[in-house]
Amino acid sequence: MGYEIPAAIGVLLAAPERPVWALVGDGTYLMNPTEIVTAVQERLPLKLVILQNHGYASIGGLSEAVGAERYGTDYRHRADDGSFTGPPLPVDLGANAASLGMRVLRPRTVRDLREALADARTATDPTCVYVETETADSVSGPPPAQAWWDVPVAETSTRPSAVEAREEYDRHVTARRRHL
Ligand SMILES: Cc1ncc(C[n+]2csc(CCOP(=O)(O)OP(=O)(O)O)c2C)c(N)n1
Ligand SMILES: [Mg+2]
C-alpha cells in the first residue's frame with residue numbers, strides 16, 4: 001500500500017509508450033497521494049482508478065474472520081459509546097486528486113464507468129476515475145477464501161466472536177500438515 005502511484009510513475013518514465021494504470025482502494029490512496037504532483041509536473045498520462053468504499057474493507061473481512069468484529073476498518077465518526085459506528089466520514093478523494101492537478105471522472109453507473117475507463121485509456125494528461133462502491137454494510141463481501149491464512153486469534157479474549165474464532169483457529173492448526 002502506498003507504492004502504486006510512485007510505481008506507476010516509474011513505469012511511465014521507463015516505458016512511455018505503454019498505458020499505465022494504478023488501481024487503489026481509498027485506504028491505499030490516503031497513504032501516498034502526493035506523488036500525483038510529480039505525474040502532473042512531468043505531464044505523465046497516469047491513469048488512476050480509486051475504489052472508494054470508505055474503509056479498509058478487505059482487512060475488515062479478515063478482522064471479522066478472526067473475531068475482531070471489523071474494529072477500526074470503517075471510516076466513520078466515533079459514536080457516543082466510543083465505537084466507530086457514527087456517520088461515514090465526509091471524505092471526497094476525487095476532490096483531493098483534483099486539488100493535486102488530476103482530471104477527475106466520476107462515473108455513477110456501469111455505463112458511465114465504461115465510458116470513463118475508455119476516456120482515461122486515451123487521455124494524454126493524468127486522469128483519475130473515482131468510483132464510489134458499495135460499503136461493507138451493504139454487501140456480503142467477496143466469496144470465502146479456499147485457503148487458510150495463519151492469522152493467530154487472541155487466546156484469552158472473552159468476547160464471544162473471538163472465542164468462536166479461536167476455536168476455529170485451533171481446529172485449523174490441528175488439521176495443518178507440513179509438507180517440508
Ligand atoms: C503499507 C501497508 N500497510 C498495511 C497493509 C495491510 N493491508 C492490506 S489491505 C489493507 C486495507 C486496504 O484498504 P483499501 O485500500 O481501502 O482497500 P479495500 O480493502 O477497502 O478495497 C491493509 C491495511 C499493507 N498491505 N501495506
Ligand atoms: Mg477501501
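Me: What counts as a cavity here, and how many of 30 Å³ or more are there?
Reply: A cavity is a set of grid points where a 1.4 Å probe fits but cannot get out. The model is predicted. By this rule, the count of cavities of 30 Å³ or more is one.

Me: Which helix gives the largest share of the lining of the largest cavity?
Reply: The largest cavity has a volume of about 30 Å³. Its lining is made of Gly2, Tyr3, Glu4, Ile5, Pro6, Val24, Thr28, Tyr29 and Asn32. Two elements give two or more residues to it: helix H1 (4–14) and H2. The largest share, three residues, comes from H1.

Me: How many residues of the lining of the largest cavity are charged?
Reply: Five residues of this lining are nonpolar and three are polar. The number of charged residues is one.

Me: Is Asp26 buried or exposed?
Reply: Buried means under 20% relative accessible area. Asp26 has 1% relative accessibility, so it counts as buried.

Me: Which residue has a side-chain N or O atom 2.5 Å from an oxygen atom of ligand 1?
Reply: The residues around ligand 1 include Met1, Gly25, Asp26, Thr28, Asn53 and Ala57. For the side chain of Asn53, the distance from an N or O atom to an oxygen atom of ligand 1 is 3.0 Å. For a polar backbone atom of Ala57, it is 2.9 Å. The residue at 2.5 Å is Thr28.

Me: Which helix supplies the largest share of the lining of the largest pocket?
Reply: About 830 Å³ of space lies in this pocket. It is lined by 29 residues, and those closest to its centre are Ser58, Gly61, Leu62, Ala65 and Ala145. Helix H4 (57–65) and helix H7 (160–175) each supply at least two lining residues. The largest share, seven residues, comes from H4.

Me: How many residues of the lining of the largest pocket are nonpolar?
Reply: Seven residues of this lining are polar and four are charged. The number of nonpolar residues is 18.

Me: Which residues lie closest to the centre of the second largest pocket?
Reply: The volume of this pocket is about 340 Å³. Its lining divides into eight nonpolar, six polar and six charged residues. Of the 20 lining residues, the closest to the centre are Ala68, Glu69, Arg70, Tyr71 and Gly72.

Me: How far apart in space are Leu89 and Gly55, C-alpha to C-alpha?
Reply: Leu89 sits in the loop between H4 and helix H5 (93–99). Its relative accessibility is 27%, so Leu89 counts as partly exposed. In sequence, Leu89 and Gly55 are 34 residues apart. In space, C-alpha to C-alpha, the distance is 9.7 Å.

Definitions and conventions: Residues numbered from 1 in each chain as written. Chains lettered and ligands numbered in written order. Predicted model: local features only at pLDDT ≥ 70, side-chain atom pairs only at ≥ 80, totals over all residues. Heavy atoms only, no water. 1 Å grid on protein atoms, 1.4 Å probe; cavity = no way out; pocket = protein on both sides within 12 Å on 5 of 7 lines; lining within 4 Å. Points joined across faces, edges and corners; volume = space filled by probe spheres on them. Helix = DSSP H or I, 4+ residues; strand = E, 2+ residues; numbered from the N terminus. Nonpolar A, V, L, I, M, F, W, Y, C, P; charged D, E, K, R; others polar. Buried < 20%, exposed > 50% of the residue type's maximum accessible area, 1.4 Å probe, protein only. Near = heavy atom within 4 Å. Polar contact = N/O pair within 3.5 Å; in protein donor to acceptor, adjacent residues only side chain to side chain.
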